Amino acid sequence: MAERKATAEWNGSLMEGEGKVALGSGVFSGAFSFATRMGDEPGTNPEELLGASLAGCYAMALNATLEKQGTPAKNVKVEAKVFLGKDEGGFKINRIDLEAAAEVDGIDQEKFAGVAEDVKHACPISKALAATNITLNATLIKANAA
């Protein structure tokens, strides 16, 4: 199987320092800091990148599953909201909320919701995040009746 990599570097103190992350493919690199992670300063952060990973994996897996079942999606859009919080052990990802919308013909909302929920547990990134509460709101759009 394929091996993927990413790199990160941090320089300086926690509050005044800065970091850089980069994908091994070279298609993305970005700066991060305490302010981009804990505040609203422009820049990226590990939680945002985690959300992008889950959203991308989920969109692709949902599309593939629908296609295998004979109801291919014309379009799948997914947003992941990652919530960073604290517990007695320190900082942690409290939950991730997935919002998925797909344009699919030949399937009703009930069947679509079941497929979407199954995929939430089956995509590789979801499996890697099994200790995290992942919620899902899946909406079928512009579909013809099944």
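## Salt bridges

Let's start with Glu 79 and Lys 81, whose side chains meet in a salt bridge at 3.8 Å, N to O. The term stands for a side-chain nitrogen of Lys or Arg within 4 Å of a carboxyl oxygen of Asp or Glu. Glu 79 is partly exposed, at 41% relative accessibility, and Lys 81 counts as partly exposed too, at 40%. On that scale, buried is under 20% relative accessible area, exposed is over 50%, and partly exposed is in between, using a 1.4 Å probe and protein chains only. The model is a predicted one, where local features need pLDDT of at least 70 and side-chain atom pairs count only at pLDDT 80 or more, while totals for chains, interfaces and linings use all residues. Residues are numbered from 1 along each chain as its sequence is written, and side-chain values use heavy atoms, with hydrogens and water left out.

The count of salt bridges comes to six. Another of them joins Arg 37 and Glu 47, at 2.6 Å from N to O. This pair links distant parts of the chain, with Arg 37 in helix H1 (residues 34-38) and Glu 47 in helix H2, 10 residues apart. Arg 37 is partly exposed at 36%, whereas Glu 47 is buried at 8%. Then there's Lys 120 with Glu 117, whose side chains meet at 3.1 Å, N to O. These two are three residues apart in helix H3, so about one helical turn separates them.

## The overall layout

Stepping back, how many helices and strands does the chain have? There are four helices and six strands. Both are DSSP runs numbered from the N terminus: helices are H or I with at least four residues, and strands are E with at least two. Follow the sequence along and you get the pattern β-β-β-α-α-β-β-α-α-β.

The C-alpha trace spans about 60 × 35 × 30 Å along its principal axes. Of the 146 residues in the chain, 31% are buried. Look at contacts (heavy atoms within 4.5 Å) with a separation of 6 or more, and 51% of them are between residues 24 or more positions apart.

Helix H3 covers residues 109-122, which makes 14 residues. From first C-alpha to last it reaches 20 Å, close to the 20 Å expected at 1.5 Å a residue; that expected span is 1.5 Å times one less than the number of residues.

Which residues of H3 are buried? They are Phe 112, Val 115, Ala 116, Val 119 and Lys 120. They sit on the same side of H3, because they cover an arc of only 145 degrees around the axis, judged by the directions from the helix axis to the C-beta atoms. In general, an α-helix has 3.6 residues a turn, so residues three or four places apart point the same way. Turned away from the buried side of H3 is a face with the exposed residues Glu 110, Asp 118 and His 121. The cover over the buried residues of H3 includes helix H2 (46-68), strand S5 (90-104), helix H4 (124-128) and strand S6 (133-141).

## The nonpolar core

A nonpolar core is a set of buried Ala, Val, Leu, Ile, Met, Phe, Trp, Tyr and Cys residues joined through side-chain atoms within 4.5 Å. The largest one here has 26 residues, and those with the most contacts inside it are Tyr 58, Leu 62, Leu 66, Val 78, Val 104 and Phe 112. At least two residues of this core come from each of H2, strand S4 (73-87), S5, H3 and S6. H2 gives the most, with eight residues.

What about disulfides, meaning pairs of cysteine sulfur atoms within 2.5 Å? The count comes to zero. The sulfur of Cys 57 has its closest cysteine sulfur in Cys 123, 3.1 Å away, which is too far for a bond. Both of these cysteines are buried: Cys 57 at 15% relative accessibility and Cys 123 at 1%.

Is Ala 128 buried or exposed? Ala 128 counts as exposed, at 64% relative accessibility. Ala 128 and Leu 54 are 74 residues apart in sequence, and their C-alpha atoms are 9.7 Å apart in space.

Note on methods:
Disulfide = S-S within 2.5 Å.
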